[in-house]
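Here is a short report on one protein chain. Look over the model, then read on.

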Amino acid sequence: DGDRRSLLTAQRVDTLLKKSEVLQIIGSWDECQNAEEEALRLAEGMTDKSRIAAAYLALGTLCRLQSDYGQAVSYLESSLEISRELGQKREIARVISSMGTVYIRMGDYTEALACYETSLRSCEELDDVRGIFEAVGNRGIIHLHRGDDEEAMVDLEKALEICRELNDKTNISVAICNMGIVHTQRNDNTAAMACFEECLTLAQELGNKLLVSTIIGNMGPVYRAEGDYTAAMKCAEEEWKICQEIGHKSGACHSIGNMGTIYIDRGDYDSAMGCLEECLEMAQQLGAKQLTSIAYGHLGNINREKGDYETAVDHYDRAITIARELEIKNYLCDYLIDKAEALYLTQGFSEARMLSSEGLHLAEEVGHKKQIFKGSVLVAKSDFALGHREKGVAVLSEMLAGAEDDSEIADLNYDLFELQSETTNEDLRIKAEEHGETALGLYLELYKKTPKFEYKKRIEKLGKKPI
């Protein structure tokens, strides 16, 4: 009878843990937690260390999804200790991989990468194909966060190939979503949206609410880049609604941050400030360092646009400190160049030159095209302000000659107009006016397609009536 009871209890634990996996996918996290806690209680009652370790792993995964990172690490460390005691190499690799994902959420990419490399070596030794996929795919996410697009795509394509072989639809969707994020960073909106639409269909078929919310949240920035603020806001609101429903705190934080950036583009700085201050508070409570740095960066931009340069620089400094700590180059170059722009506007030209040069170097290293352009322009403008006028104009003119993007052509004409409009040289003044007219025509066309507040401001500065 005792053996039979033990067998039935063991089967009950296994059933509860399998049930919790399904509940996790559909977003029923309270029920999921109840199932996992019951599984742990039963496993402890029968002193079944293997199943105790499995329950701790499940609880750690759930806590990570709920953004309770400290508790997640505690559960996973307990699971790892037992698995090592039992010599379960496959389980050890799984737990270490799961710990890596927690460290990603916390923004500790160095520790996360060490976890994935350790897990990958073990899985290759064990010929654990699923474990290899998880480690390679997650390593790709670290490259993605650090701005190493090429390395990220190599790992994500390899992970996708393995998922297709396993016919693992959930992780096929995850891999394609991450590839979409890479395309977004590359400003290839068509390829990004194609990825997101494909993986969204899969996620909806699977009924995976967490994945659906993540994909919809990532579609928003694509719409925003194309100037469709209504669609972008709808994505952010839908992501927030799902995250609230399932208790996904970091996803809710992400969605509120996205709302803030949409308000920035529209020029509604008060609404943007409200969203991003809420996002910052949530990120700090969660211990989500990358989200914290992003919120500080956006708050810096808002204060810069409002003319509060001292507060802007303070926010940029906080963002820069975190980005350096996390080694997230793609974000660090953003913050450096944005701070340099604030300093340029307060006539701190030497420091602006230094920071924009550092930001430009990083942008070139990670292939961040938008910041390569912004950094190059700011270096040239700083040189001009520091007395190297011919050099500054020559660099901007050379950039203009090779520019193909209408927005960049408009910006370069605008900058050349601004730099040369105060000259006493008649020929240069006429040339400056020509640049101004060209910029105005382009901004008017761009504003029709994408009603960015920045375009509106420049149109009005160039003498057109308010629009």
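Helices (H or I, at least four residues) and strands (E, at least two) are DSSP runs, numbered from the N terminus. By that rule, the protein chain has 23 helices and zero strands. The model is predicted: local features need pLDDT of at least 70, side-chain atom pairs count only at pLDDT 80 or more, and totals for chains, interfaces and linings use all residues. Residues are numbered from 1 along each chain as its sequence is written, and side-chain values use heavy atoms, with hydrogens and water left out.

**Overall build**

The C-alpha trace spans about 105 × 40 × 40 Å along its principal axes. The chain has 467 residues, and 53% of them are buried. Buried means under 20% relative accessible area, exposed over 50%, and partly exposed in between (1.4 Å probe, protein chains only).

Contact means heavy atoms within 4.5 Å. Take the contacts between residues at least 6 apart in sequence: 53% of these join residues at least 24 apart.

**Charges**

Lys and Arg count as positive, Asp and Glu as negative; His and the chain ends are not counted. Each charge is placed at NZ of Lys, CZ of Arg, CG of Asp or CD of Glu. There are 53 positive and 82 negative side chains, and the centres of the two sets lie 2 Å apart.

**Cysteines**

A disulfide is a pair of cysteine sulfur atoms within 2.5 Å. The count here is zero. Two cysteines show the distances involved.
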